[in-house]
Amino acid sequence: MSPLARLVGDGVENPANAEALADAARMFAVPCSFRDSRGLAEQLPELPTVDTAGLLGGPGPLIAVDNTPGAESVYRAGYLHGGASIVVGNERRGIRPDVLRAAVKTVQIPMPGRGVNTLNVATAAAVALYYLLDAHGRRQPRAPRPESHRPRLLLAAPRDHVEAGSSLRSAAAFGWRTVTVDDREKVWFGTPRPFRNEARAAARSHRNPLRVVPAGDAWSSPAGSRIVVCAPDVDGRPLHRTELTGIGTVLVIPDGDGWQPPPGAEFARVAVPGELGRYRLVTGIVLAEAARQLGIRTAIAPRPPRRGLSYGSALGQTSRLDTDLVQPWELTQY
Amino acid sequence: MHPADSADIVRLLTFFGPAATYGLRGIELRQQPAGDAGQAVGALRVPGLVLLFEQPAPPWDLSDQLTEVTTARLHRAGAWVATGQAGTWVDWPGSTLRDFMLFDGLMHEIGHHIIQHAARKQRTRAMRTADHERRADAYAMRARHAWAAHWAAHW
């Protein structure tokens, strides 16, 4: 039986991102290959590659994941049927034009964040796979006043500094302004400088306005709050069928099983058909689903200021007279 | 070009005084707005900002025909209007174009301003648009007559 889809990285240049992309594919049990135009195969010889003819002339349709103008929201793109190739692009340049031209559909992940409005390429691939391959029976998004229903977010015990940084980048991209981190593994606060630099780079801290608050040693849920623990290995309803938003809701995304949820917590399962994914992939999917349920659209150009009452007078002119427009070269030939 | 410059405007408003200028926030001489139908003369941005738009130097050789209302308006202002197959030709003898801008432009918009200001309305129209225009026209015409009578008495 052929797989439902395959994931293709087009021109990915960072080996760590390539490995994370392969993890995202394993998370959804789809094959992963790379069109290598950046010397990636020299650093990762085991990497499965595909040439341009194999990519463009594949058996199924091409679906490009890129925030190009006019791209359709991945939340409304519908499900895939039969061997599609889902293509994500280079970290900075995106997908190359030949793939964009050949793609039957280009989808984007709506991100309302300011400062940071892109995801890590592997996170974007995981989010796209989640909505294109699965997530049937989703909850309806909220329409009015979505910001007042935005849940608080706790990243619980992340175990890797880069995964934590990339998750904070996703949080900013999906519109969170404050995130609490239970940093019991010491991956974000008070880390040695090399780790700190890598973590901040993954979080795009130079243009990320996110406020990161330490949870402290004894984090306890605020009184009257509703705790929703979102993870791939918990026993609960699927993520996209669980209410993730609402006033007083706290989303908790634990990394592994070292974090003990408080009594009374609800659980939402990040249902994926393959292996458990990296923390950044799980975080990206949870935050994308919460943002989808909030109903926040991508930031658009602000409406022009409303012009007040005005009166004007002009010289009213009727239809143009029955004349022909004569060009200067016609006159010279006359 | 702006047929009525700032000195002309100040002279006129000094003559009419606070009855015309009360609540007025400013008068701006601007270029023609882009994309509007017709040749703009003036506009009022409620509350109290009057815009006067530049006009081509006379005589005007227009490729379109003017409406009857506009033709009558130009005739009243002293313009010579001739419509032919090639277009419409409008000439402004003497200071008629300047006076046209001062009264059919500036004082007409001040007429709109006075109506809105007296009704204390900044966001809604004080009356139907047709009535608003008619009263603004009447105000501009009274102002023209008052100005003409003043200068006739001094000559």
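Ser313(A) stands opposite Gly42(B) in β2(B). Strand β14 (residues 310-315) of chain A and β2(B) pair in the antiparallel sense, over six bridges. Pairing requires at least two bridges between two strands in DSSP. Helices (H or I, at least four residues) and strands (E, at least two) are DSSP runs, numbered from the N terminus.

This is a predicted model: local features need pLDDT of at least 70, side-chain atom pairs count only at pLDDT 80 or more, and totals for chains, interfaces and linings use all residues. Residues are numbered from 1 along each chain as its sequence is written, with chains lettered from A and ligands numbered from 1 in the order in which they are written.

**The chain B side**

In chain B, 27 residues are in contact with 14 residues of chain A. Contact means C-beta atoms, placed from the backbone, within 7 Å. Each element below supplies at least two residues of the side of chain B that touches chain A.

| Element of chain B | Residues |
|---|---|
| β2(B) | 39-45 |
| β5(B) | 64-66 |
| α3(B) | 68-76 |
| α4(B) | 96-119 |

The largest share, seven residues, comes from β2(B).

**A helix pair in chain A**

Helix α1 (residues 15-27) of chain A packs against helix α5 (residues 121-133) of chain A at an angle of about 15°, with axes 8 Å apart. Axes are lines fitted to C-alpha atoms, for helices over the stretch in contact; angles run from 0 to 180 degrees between N-to-C directions. α1(A) and α5(A) are therefore roughly parallel (under 35 degrees).

Terms used:
Contact = placed C-beta atoms within 7 Å. Parallel < 35°, antiparallel > 145°, perpendicular 65-115°, else oblique.
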